[in-house]
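Reader: I would like to learn how to read a model of this kind, feature by feature. Where do we begin?

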Amino acid sequence: MKQDRQHRVPTADDVALLAGVSRSAVSRTFTEGASVAPATREKVVAAARSLGYRVNFLARSLSRQRTNLIGLVVSDLDNPFRAAMMDQIARRLIEEHYRPFVLPTATGGDTRHLIDMMVHYNVCGAIVTGDASPGEIAEACAAYGVPLTLINKPEVGPMVANVSMDMDKAGRLMAEELAAAGCRRIALAGQERPSYSIGRRRDSFLRHARQLGLDIVGDFRGPVQNYAGGVAAAEAFLAAGVTVDGVHCGNDYLALGFLDHLRRRAGLRVPEDLKVIGCDDIAEAGWLSYDLTTIRQDPVEVARSAVDCLIGQIDAPDRPSQSMPAAKIVDVTLVRRGSTGAAPSSRGK
């Protein structure tokens, strides 16, 4: 049976044979509102998953026809960078005559319903960013033959394309900028919730900070990497009473909350009392009230790379794993602004 799956698309008859039920029972199982015994439903669903059988609910009579639907699995759309990147991905897909639809998720959430939706609507590919479990989704996509691209995620297999910002360079640029600004005692402002990309940038920053002789004197965290998380990290920083001249923030969104809380609660001045750097270069980072030095990862370039990688997989479904392209690394640049002491004439460069 497994050998057959490599050469043809599994059918409802295959599912019926494996489940030991009739062809009509398979049809009823995947027809909304149809009557089917719970035990039969379980056997049919288990057999369908084992075979990689997919029902196209958009066009059941044309179940083998490509839908051009692309599932975009994403969380934290309140994050300005995430929202901008998803907007660019959707626009790029539409330009390439694909039909994107968003599948929102949450950290630690059950990804099975997302997988079921992708399977039921016969998507021809998926892009995952945010905090969904890439391993679970990659396993399901492999089982059902769905091309997959991950953004700023760890690698999970040779048949999955990866697009990531240059995390090592980002951490190095952040350390070098604080050192160049005269900082020697550095605090970290971050989040308790795990994040692969933020964690990688942080590790790189720490490594290069030590090489530059910077002293890390505290690690202050809020629950998540958003504005409220930045406020919580700032509260922890103020409560600790440490003296620093520089702060490394996990991302810009968190840095905004951190800056606002320091100014309102303690009257600290940036960059006079301490200098602050973030990452992502969201639009708000350039606002005069923040004037935040940051590391830019271009959402347009990330989107272009992710879509191109996905389309490459869709157009070459039988490409052997050893010929899959290497992970795509998107370059980053330093955007120097007032939060590290840049003069007005050099801001944004």
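**Reading the model**

Author: Start with disulfides: the count here is zero, by a rule that asks for two cysteine sulfur atoms within 2.5 Å. Keep in mind throughout that the model is predicted.

Reader: Are the cysteines Cys 183 and Cys 249 buried or exposed?

Author: Burial is read from relative accessible area, and under 20% is buried. Cys 183 has 1% relative accessibility, so this residue counts as buried. Cys 249 is at 0%, so this residue counts as buried too.

Reader: What should I note about the chain as a whole?

Author: The protein chain has 12 helices and 12 strands. Of its 349 residues, 50% are buried. The accessible surface is about 16100 Å², and carbon and sulfur atoms account for 50% of that area. For contacts between residues at least 6 apart in sequence, 73% join residues at least 24 apart.

Reader: Which residues of α4 are buried, and why do they line one face of the helix?

Author: The buried residues of α4 are Thr 40, Val 44, Ala 47, Ala 48 and Leu 51. Viewed down the axis of α4, these buried residues fall within an arc of 100 degrees, so they line one face of the helix. On the other side of α4, Pro 38, Ala 39 and Glu 42 are exposed.

Reader: What follows α4?

Author: Gly 52 follows α4, and its phi is positive, near 75 degrees.

Reader: How should I read backbone angles in residues other than glycine?

Author: The general idea is that most residues other than glycine have a negative phi, and most peptide bonds are trans. In this model, Asp 76 is not a glycine, yet has a positive phi of about 55 degrees. Asp 76 sits in the loop between β1 (69-74) and α5 (80-95). Another case is Asp 281, also not a glycine, with a positive phi of about 60 degrees. Asp 281 is in the loop between β9 and β10 (294-296).

Reader: Which burial class does each of these aspartates fall into?

Author: Asp 76 has 25% relative accessibility, so this residue counts as partly exposed. Asp 281 has 13%, so this residue counts as buried.

Reader: Where is there a cis peptide bond?

Author: Look at omega. The bond from Val 270 to Pro 271 is cis, with omega near 15 degrees. Pro 271 lies in the loop between α11 (252-266) and β9 (275-277).

Reader: How do I read the surroundings of one residue, for example Thr 340?

Author: Thr 340 is in the segment after β12 (333-335). Its relative accessible area is 6%, so Thr 340 is buried. Leaving aside neighbours within four places in sequence, Thr 340 is in contact with Glu 177, Leu 178, Ala 181, Pro 271, Lys 275, Val 276 and Thr 293. Pro 271 in that list is the residue that ends the cis bond from Val 270.

Reader: Which side chain makes a polar contact with that of Thr 340?

Author: That of Glu 177, at 2.8 Å.

Note on methods: Residues are numbered from 1 along each chain as its sequence is written. This is a predicted model: local features need pLDDT of at least 70, side-chain atom pairs count only at pLDDT 80 or more; totals for chains, interfaces and linings use all residues. Side-chain values use heavy atoms; hydrogens and water are left out. Buried means under 20% relative accessible area, exposed over 50%, partly exposed in between (1.4 Å probe, protein chains only). Helices (H or I, at least four residues) and strands (E, at least two) are DSSP runs, numbered from the N terminus. Contact means heavy atoms within 4.5 Å. Accessible areas come from the Shrake-Rupley method with a 1.4 Å probe; for residues, only the protein chains shown count as cover. The arc is that of the directions from the helix axis to the C-beta atoms. A polar contact is a pair of N or O atoms within 3.5 Å; within protein, one must be able to donate a hydrogen and the other to accept it, and residues adjacent in sequence count only if both atoms are side-chain atoms.
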